[in-house]
Amino acid sequence: LTHPPNMVVAPFQSLAVYACCLCLSRAVAVKPPPVSVRRPPMGFNTWNHFHMNPNETIFLETAESFAKLGLQDAGYIFLNSDDGWLSPNRSAAGDLVAMPAQFPSGIAALTRKLHDLGFLFGIYGCASETTCGSRMGSLYHESRDAKQYSRMGVDYLKFDDCGEMNLASYAKFSVMRDAIAQTGRPMVYSFEPYTGSRIWLGTVGNSWRTGPDATPHYSSILGNAFVNNLAANLAGPGHFNDADSKFPKCSLHRIEHGFSPPPSIAALSGRGIGQSHIARCLPPHNTHTQ
């Protein structure tokens, strides 16, 4: 597969190297696995369970739970913050600011802790002046924000499309694609185009939303699965259709993985997942180890 120019693609490392990382003791710092987009990213997103209230404790507890429950070994290694981590305003220097009460240690410190535990960290941004939750967006600040994400050690960016909507989606999302590439840091780039055109999706990022926000109801799950499958021809190594976060209690994987394989980002944190949910969190065929 030939990737388009400027595609944000990380170099693929052998499974042997990754397996060695997982075998190290949890009591010592574990080198995080390499950022690879050859397979659909798997992990956790804060939105459906915590909405605008993510915090660093949630991520550390989820990392501990995912490790104990075997989800980390199965490939659920991305722990991603959705909207709510950002302050409504930039710093005097023009940088993005994390909500201090929710992230008292700062994003960079949290990322280092998660990397030490063998996880990768994802963050949320918006291609508009504001996010969906009226926090600071990245429109006209893409290069500065991408450099800041790189300095913070971010491994995954979910780039939304709310607020200011007067620019064509391709223009907004391709600017951030190029800004990420210029940092030199491998980073999964997931975006939400909300457009009827599907032709250009695979030229911009690694993962793109294909439908509306999912809800824990079979009508929503089936609807998103079928919409997701309409773009199946665009999917492949490094290019994935995203049917939104997964609800383990609904056995979504058993439905969606019969169609175009999507990223597997769980909607529940470690607080909400028990042994009874583990089988539902794993696809019929583990996409991480294939």
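Trainee: Which residue of β4 does Gly-122 stand opposite?
Mentor: Strand β3 (residues 120–126) and β4 run parallel and are joined by five bridges. Strands (E, at least two residues) and helices (H or I, at least four) are DSSP runs, numbered from the N terminus, and two strands pair if DSSP finds at least two bridges between them. In β4, the residue opposite Gly-122 is Tyr-156.

Trainee: What pLDDT do local features need here?
Mentor: Residues are numbered from 1 along each chain as its sequence is written, and side-chain values use heavy atoms, with hydrogens and water left out. This is a predicted model: totals for chains, interfaces and linings use all residues, side-chain atom pairs count only at pLDDT 80 or more, and local features need pLDDT of at least 70.

Trainee: Which hand does the unit of β3, α5 and β4 have?
Mentor: Helix α5 covers residues 142–152 and makes a β-α-β unit with β3 and β4. A crossover is right-handed if, with the strands pointing away from the viewer, the path from the first strand over the helix to the second runs clockwise. The unit made by β3, α5 and β4 is right-handed.

Trainee: How many of the five residues of β4 are buried?
Mentor: Buried means under 20% relative accessible area, exposed over 50%, and partly exposed in between (1.4 Å probe, protein chains only). On one side of β4, Tyr-156, Lys-158 and Asp-160 are buried, and on the other Leu-157 and Phe-159 are too, so by that definition both faces are covered. The count for β4 (residues 156–160) is five of five.

Trainee: What covers the buried residues of α6?
Mentor: The buried residues of α6 are Ser-169, Lys-172, Phe-173, Ser-174, Met-176, Arg-177, Ala-179 and Ile-180. Contact means heavy atoms within 4.5 Å. What covers these residues includes α5, β4 and β5.

Trainee: Within what arc do the buried residues of α7 fall?
Mentor: Buried in α7 are Ser-220, Ile-221, Asn-224, Ala-225 and Asn-228. They line one face of the helix, because, seen down the axis and taking directions from the axis to the C-beta atoms, they fall within an arc of 130 degrees.

Trainee: Is Thr-210 buried or exposed?
Mentor: Thr-210 is found in the loop between β6 (207–209) and α7. Leaving aside neighbours within four places in sequence, Thr-210 is in contact with residues including Asn-228, Asn-241 and Ala-243. With a relative accessible area of 11%, Thr-210 is buried.

Trainee: How far is Ala-243 from Ser-207 in space?
Mentor: Ala-243 has its place in the loop between β7 (240–242) and α8 (252–256), and counts as buried at 2% relative accessibility. Ala-243 and Ser-207 are 36 residues apart in sequence, while in space their C-alpha to C-alpha distance is 9.9 Å.

Trainee: What phi does Tyr-140 have?
Mentor: Most residues other than glycine have a negative phi. Tyr-140 lies in the loop between β3 and α5 and is exposed, with a relative accessible area of 57%. Although not a glycine, Tyr-140 has a positive phi of about 70 degrees.
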